[in-house]
Amino acid sequence: MNDNNNDDAMMDDEGSIDVVRAVELEINALANTPNRQPALSIKKLDRRSFLKLSGIASGSLVLAAIMPGPGATAEDFGNLVGSVELNAFIKVSSEGKIVIYSSNPEMGQGIKTALPMIIAEEMGARWADVEVLQSDVDESRYGRHGAGGSTTIARTFDQMRTMGASAREMFIGAASLAMELPREELYAQDSTISHVFSNKSLSFGELAALAVKQSLPDPKTLIFKDKADYTIIGTSVTGVDNLEIVSGLALFGIDVRVPEMQYAAYQKCPAFGGKVVSANLEAIKKLPGITAAFILDGNENVRELSSGVALVGTSTWAVFNAKKKLDIQWDESTASKDSWTQMVSRAKQIHAQPGTELITESGDVNASFSNPAHQTIEAFYEYPFVAHLCMEPMNCSAHYKAGSNGEKDTLELWIPTQAPTRAYPVVKSMFDLDKEQVKIHQMRLGGSFGRRVYAEYICEVIAISKQVGVPVKLTWSREDDIQHDFYRVGGFQSVKGSVDRNGKIVAFEDHFMGMTYKGGRISGSGFRATEFPILNLKNARASKTMFDIQTPCGPWRAPGANTTAFVIQSFIHELAVKAGRDHLEVLLELMGKPQWFDQGNIRSLNTGRATDVIKLAAHKANWGRPMPKGHGLGLAFHFSHAAHVAEVVEVSVDANKKLKVHNVTVAVDVGPIINMSGATAQVEGAVIDGLSTMMGQKITMENGRVEQSNFHDYQVLRIPNAPAVDIHFIQSDYSPTGLGEPALPPLAPAVGNAIFAAIGERVRKMPLTDEGFTI
Amino acid sequence: MAKYQLNINGEDIDVDVDPQMPLLWVLRDEIGLVGTKFGCGIAQCGACTVHVSGQPIRSCITPASMLAGQPIRTIEGLANGTELHPLQQAWIDVDVPQCGYCQAGQIMSAAALLEQNPSPTNDDIDAAMVGNYCRCGAYNRIRKAIHLASENTTTPFYDASTPNIEQIDGDMKGEQA
């Protein structure tokens, strides 16, 4: 993607590599890999890189198949008696049980199921024989651990296929020896190697011991299965952790229990950046169940350790209770003074002027706007800060063990995080521990949505465990979670556009008013020079004005797209209305002929793929049908995260502005679907998340303090308001990509457009409750 | 501190904790039953739902000492040995969980619903489940799974005919320390 927008350096404000930026760079690297042909392809690798662990650079999709070395111990083989390891991801026991390791974080996006499905498919395994286990964190063995930017499927599809195919070839090699038959006459299916010309066969279990002795196949010789032969990919498979989830077994970070463990809470300043001067520690220490209370100075990096008071005790309840009794004197001289009302009034003052910095310009928008033959309209859009609100509040467990007798200190961590290896550099810089001294357990995440790319809760618990010398589980209260988030950044956009005599959109201008954090870039607060419909028009201009804030912000499901889609896809409808034309017709006209905007880059907008999903959604929703009074259909399309998604929403609105969303029709092209059940779940979830957020969620801050604190004043959509979601996939032949985020952005504009169709009122501000709507 | 006995999933368990400690934290931190989840601490999200005498309650605001002697059922006690409750099976069959964190609470609310109403309509489900947040938005699958479980079960899965809360309050075994 020729993403020449945000121009900001990848070093964040604190001078360390910004993990969010790293994810974005990875997305770009994926887009820029030399292999740009859209068809599924085999990566060409030399043997050395295959054996040695290939680089993680350039979004490389390959990982070594590492054989267990001479130093391997029984422990390395887990509890599978007689099992052998075919590569880092696959173990097979003599009974035929297949263990596949999932190395990336599972937060509800479904990769712990989807990635092993890819391996099992290429192996020729029977899914019922597969058990999926979460791997430990070891980049030398598994490659990059991490999830974000809806990139995991795109990044690892060929890697997983390579793992599966190489295991399959080792089984075939073993079967060829055992049955004294040529390899070419053998094939893998249902966890068995069978002979084409006879009924001879041997199971994976029977072959395991011999298979592990086969040499690793040269990846150049690997041939991946044809799509037509898939038996696992594209089917619906229930989540591999579902039995544990419905049985209440410990899975999540917050469920960790370690012998001798104590429980901790941590109180930071309600105004971001405030520092503890003093606290009533002696009184707190006397409270029941409290074993320690102390001040941590912090390092003034909100992503690492902010100043605060740590409480340690014998239960979470004890420390939560004590936390309410804290009396802390804060030094707020350098703390945030951010005010949402001031941001709004400033935006309203400047929105009519062009931004202070030009993002892109083509043609002559001013000439188009002043052309008497054109109709020109302007609009001001507003969207608030929102919180992530993971159902599992932030937490982490740590055991910092001081070394005795000259031994080095060690640290064991149990982290629910999107970026486990992010802990290493922070642990090094803050606690001077090398990677070898740190053992990380990657725990399932009870939701993340971009929240858990940061490591501050990890730093907090390490500092606490180090101080008290025992294992500690830190749990944030919901109030901590809402008031110390890395929020989806709020902002404003002033848009202007014109239509010609024929009602065709001919010019578009956007003044983006976003935020920087202490001068540094914020994920999601930018406007791309390639943003739709800039490249579709001869006359387009975008500029920006940035407000500097001290409220921490970060990626939130489909950063940038989740707000820009609202503005642009609503405004295109406004222009269609101005022209007196059908929205669908105008949108398709704007797409024009099928083309890549970045030729051959499968992660760029393809107007043909866009047209196909728009038409499909409209068709399935029966677009254009007569609607009863007070009912309306709304349409929106948005391209983000390499995905083309269109949505049509049916709403009704009564005289009291009570809104009902009846159904949402979604058409998606993300290439081939790996797990149909998981993919539809992501779309259903994104639609409901989008509606939930649009309807009533808003974080405001005054004098640096966030004004919301828990679910009573920050609400999530409840079950009676969940619309039916009708999902259609176009399974194009392009490489598969992720679906955790891109179905969310079109929802808000589609709802806004439907409300306009129903009652003639234009929605230009989120949340809807601020505009007098209820649900 | 107070010593009292709780009956959890059919087992009597002695505890010695702050009498104000909510059941949620007694379960999670004292007893080690971590299937019941902390979501908000103010009875808004339903992640902590358990059954007391067959009724769904929010364990995050209910002091455990009030519950001495009453049968408490948590997600860990919903299955009959290795036989899953029809709701648990339906949750797997429909592939309800995304992140999965709220699902124990969802299933416990749904189980209480099916005890009262073995064949709920969508409206019945919405009314019974309105207190349970699913941040991932799995609501449509939750409805579908409850219908599926409802079709797969004809009799109450376990006997909830136990004393009501008022009776039990006077029967507290807890001793104030």
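Which domains does the domain assignment of chain B give? The answer is domain 1 (2-77) and domain 2 (86-152), with bounds that come from an automatic or database domain assignment.

A quick word on what you're looking at: this is a predicted model, where local features need pLDDT of at least 70, side-chain atom pairs count only at pLDDT 80 or more, and totals for chains, interfaces and linings use all residues. Residues are numbered from 1 along each chain as its sequence is written, while chains are lettered from A and ligands numbered from 1 in the order in which they are written.

**Chain B**

Taken over C-alpha atoms, the centres of domain 1 and domain 2 of chain B sit 21 Å apart. Here's who takes part in the contact (C-beta atoms, placed from the backbone, within 7 Å):

| Side of the contact | Residues |
|---|---|
| domain 1 of chain B | 15 residues |
| domain 2 of chain B | 12 residues |

On the domain 1 side, β3 (49-52) and β4 (55-58) of chain B each give two or more residues; strands here are DSSP runs (E, at least two), numbered from the N terminus. β3(B) gives the most to that side, with 3 residues.

**Chain A**

Now for the nonpolar cores: sets of buried Ala, Val, Leu, Ile, Met, Phe, Trp, Tyr and Cys residues joined through C-beta atoms within 7 Å, where buried means 20 or more other C-beta atoms within 10 Å of a residue's own. The largest has 281 residues, and A:Phe171, A:Ala264, A:Val666 and A:Val751 touch the most other members. Leaving aside neighbours within four places in sequence, A:Ala264 is in contact with residues including A:Ala310, A:Val461 and A:Lys473. There's also a second, separate core of 5 residues, among them A:Cys269 and A:Val302.

How values were computed:
Two residues are in contact if their C-beta atoms, placed from the backbone, lie within 7 Å. Helices (H or I, at least four residues) and strands (E, at least two) are DSSP runs, numbered from the N terminus. A residue is buried if 20 or more other C-beta atoms lie within 10 Å of its own, exposed if 12 or fewer, and partly exposed in between; C-beta atoms are placed from the backbone.
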